[in-house]
Amino acid sequence: MTDATLTLARVQAKRRRQKARLGAAMRYLVLISVGLVMLYPLIWLIGASFKTNSEIFANPGFWPQNATLDGYIEGWKTSTPFSFGTFFLNSFKIILPKVIGTAISCTVVAYGFARFDFPLKKLFFGSVIAILLLPNVVTRIPQYLLFRDLGWLDSYLPLWVPSALAGDAFFVFMLVQFLRAIPADMEEAARVDGANSWQTLLFIVVPMLAPALISVALFQFMWTMNDFLGPLIYVSSVDKYPVSLALKLSIDTTEAFAWNRILAMSVLTILPALIVFFAAQKYFIEGISAGGIKG
Amino acid sequence: MARLQLNTLEKTYGNGFRAVHGINLDVAEGEFMVLVGPSGCAKSTTLRMIAGLEEVSGGEVRIGERIVNDLPPGKRGIAMVFQNYALYPHMKVRTNLSFGLFLQGVPKAERQKAVEEVAKILEIEPLLDRLPKQLSGGQAQRVALGRALIKKPEVFLFDEPLSNLDAKLRASMRVRITDLHRRLRAEGKPATVVYVTHDQTEAMTMGDRICVMQGGHIMQVATPKDLYNRPANLFVAGFIGSPEMNLIDGRIEGTRFVVGAQAIDLNADLMARLPVLPKQAVLGVRPQHLRLSDRGLAARITNVEFMGHEVYLHADLDGVAVTAVASAAEYDALDRSDDRICLSPDPDWLHIFDRESGLNLSLRQTD
């Protein structure tokens with residue numbers, strides 16, 4: 001190759017690189033601006049939680065001029081005899097049994113549907129899917145009557161017991177689909193190794209299901225944390241309120257709403273979900289059975 | 001180690017499909033039995049019924065003195081190597097190996113000792129602390145083999161264990177497995193093996209005996225040599241051997257086999273062996289026994305495959321495609337300007353099949 005063609009090739013390569021860099025810059029610009037638009041309400045929420053009540057309406061920007069922790073301090077105390085800590089604790093009293101119960105019960109039920117043959121299996125699975133499609137509202141009243149007759153009103157039981165008995169069809173369905181994608185070879189190998197069904201489930205299936213189970217736990221955590229209607233229907237004593245109800249409490253009881261307190265407590269309310277999400281994020285992405293099976 | 005018997009074993013699926021049609025098979029203690037056949041011949045289903053992974057619809061599976069039909073896989077005294085290795089992806093190699101012993105309640109120290117013993121035999125010691133995804137195909141297959149070996153089972157079951165490996169690795173694993181089987185036998189711990197494959201090279205090189213299956217039936221059970229030299233029927237004749245045996249349709253007139261306008265003489269020995277003369281006969285002759293000569297059946301060369309030390313000649317014999325194997329020297333001596341050749345079958349290696357029943361009529365009845 002002559003020098004001239006070499007130089008030409010170099011110039012062309014440089015141009016290509018520049019073009020690629022420009023393209024990337026444009027892409028990032030668009031992505032960042034769209035991301036900002038979507039995140040802005042959240043940013044504003046955090047900023048406004050440090051404002052005074054009057055500034056919230058006076059200053060539309062998100063940056064507080066006179067930053068203050070008043071919202072947090074006053075909001076934490078609440079207008080009730082209980083601090084916001086009590087309400088957080090209440091929330092966790094629902095979330096913990098619900099998340100753990102969901103993970104265990106849905107795994108067992110999904111394993112049954114995905115791996116075993118039993119009479120009327122199709123009918124049962126069909127009803128699971130049917131429940132999935134049923135609007136929640138439809139079952140509210142019969143459920144309420146049922147739980148009332150059981151004497152479970154004003155307790156947390158109606159909020160977590162159905163879920164802990166694999167009542168959330170969505171999670172069962174999700175795990176069944178996930179299990180169907182995992183080849184049964186490993187489980188057969190375990191059976192040849194002498195494992196019974198429960199041992200196979202515990203030692204082989206659950207570890208392989210881990211990424212899906214983490215997703216299930218995460219969704220259940222966030223949905224329960226955010227659930228407003230459930231506690232509103234079943235929990236009536238203020239000392240048993242979870243945070244979702246407690247937030248509304250501060251709107252109800254004061255005549256002039258202390259918006260900065262509400263916003264401050266809202267920030268605290270979304271924190272656990274955010275923390276859990278970022279902690280579990282890597283398992284979302286992690287592959288499952290890579291290497292165990294050659295595809 | 002134990003004898004394995006299948007007595008009128010049957011498999012019928014829920015939709016009424018009959019996969020296995022009452023087969024009988026007797027695998028002696030310490031024998032290496034290969035099940036071979038085209039895909040869909042139910043060889044894997046048969047193996048899975050022996051393993052207990054597939055329910056038995058009829059007949060019995062007997063391991064040693066026990067009928068194991070209703071026992072779960074773990075209680076049958078078997079170990080299995082899967083085509084996909086089926087290693088537990090979240091466990092290190094060490095745990096993969098010892099999982100079976102763990103379930104049996106073997107104490108930790110003993111498990112560790114057993115793992116090291118097996119790892120040494122299979123040369124996988126440096127891999128013990130890796131996860132399956134960090135292993136190459138060959139390594140993973142050795143670990144899978146180790147997982148079977150460590151349990152010291154009565155019967156080893158292999159389900160196409162080498163078909164995911166490349167050709168070179170397959171050849172070396174083949175030797176490794178037969179070596180291992182021989183070594184165990186020499187040490188006085190003979191291992192009964194049932195090995196499923198669709199690869200006839202594996203079958204011929206590894207098996208003490210081979211069971212050829214088709215469509216849920218056993219076509220023939222014999223040693224590799226017998227299977228090659230004395231195929232019981234058309235299916236086995238066509239399935240075993242490479243290139244395939246030439247199967248030429250024709251009829252027998254007197255002591256001659258007539259194909260189209262040509263005929264060849266059948267020797268007295270062969271004629272004496274035929275119990276009856278079939279209406280429609282098939283002449284079977286291996287390409288290796290079809291020699292280039294001046295006399296014999298005239299054919300036209302349609303294609304030539306050069307294999308190095310020998311040459312496959314594909315020819316057209318009055319509308320029948322036949323294959324002959326010639327040495328490179330013989331091929332070089334051919335007159336290239338003319339595509340006509342004469343093929344003379346070796347009279348001692350001819351088989352006569354009945355087209356209707358497919359049976360080989362020329363097998364000596366006494367043996």
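This is a predicted model: local features need pLDDT of at least 70, side-chain atom pairs count only at pLDDT 80 or more; totals for chains, interfaces and linings use all residues.
Good morning. In chain A, the centres of domain 1 and domain 2, taken over C-alpha atoms, are separated by 35 Å.

The domain assignment places domain 1 of chain A at residues 3-72 and domain 2 of chain A at residues 79-285. Where they touch, domain 1 of chain A contributes eleven residues and domain 2 of chain A contributes eight residues. On the side of domain 1 that touches domain 2, the elements giving two or more residues are α1 (3-48), α2 (53-58) and α3 (70-77) of chain A. By class, that side of domain 1 of chain A comprises five nonpolar, four polar and two charged residues.

I turn now to a pair of helices in chain A. Two packed helices are described by the angle between their axes and the distance between the axes. Helix α9 of chain A covers residues 185-192, and helix α10 of chain A covers residues 197-226; their axes come within 10 Å and cross at roughly 140 degrees. As for handedness, α9(A) passes α10(A) in a right-handed crossing. From α9(A), the contact draws on Met186(A), Glu187(A), Ala190(A) and Arg191(A), while α10(A) provides Thr200(A), Phe203(A), Ile204(A) and Val205(A). Sorted by class, the residues of this contact are five nonpolar, one polar and two charged.

Next, the contact between the chains. Chain B brings 26 residues to it and chain A brings 20 residues. Which elements of chain B each supply at least two residues to the side that touches chain A? They are β6 (78-81) and α2 (93-104) of chain B. The largest share of that side, four residues, comes from α2(B). The residues on the side of chain B that touches chain A divide into 17 nonpolar, eight polar and one charged.

Finally, a sheet in chain B. Five strands of chain B form an open, antiparallel sheet, in the order β15-β19-β16-β17-β18. At its edges lie β15 (290-293) and β18 (320-327) of chain B, each of which pairs on one side only. From one strand to the next, the twist averages 50 degrees. Within the sheet, strand β16 (residues 297-306) and strand β17 (residues 310-317) of chain B pair in the antiparallel sense over six bridges. To give a residue to look for on the screen, Arg300(B) has Asp316(B) of β17(B) as its bridge partner.

Thank you for your attention.

Note on methods:
Residues are numbered from 1 along each chain as its sequence is written. Chains are lettered from A and ligands numbered from 1 in the order in which they are written. Two strands pair if DSSP finds at least two bridges between them. Axes are lines fitted to C-alpha atoms, for helices over the stretch in contact, and angles run from 0 to 180 degrees between N-to-C directions. A crossing is left-handed if the near helix is turned anticlockwise from the far one by less than a right angle, and right-handed if clockwise. Two residues are in contact if their C-beta atoms, placed from the backbone, lie within 7 Å. Ala, Val, Leu, Ile, Met, Phe, Trp, Tyr, Cys and Pro count as nonpolar, Asp, Glu, Lys and Arg as charged, and the others, Gly among them, as polar. Domain bounds come from an automatic or database domain assignment.
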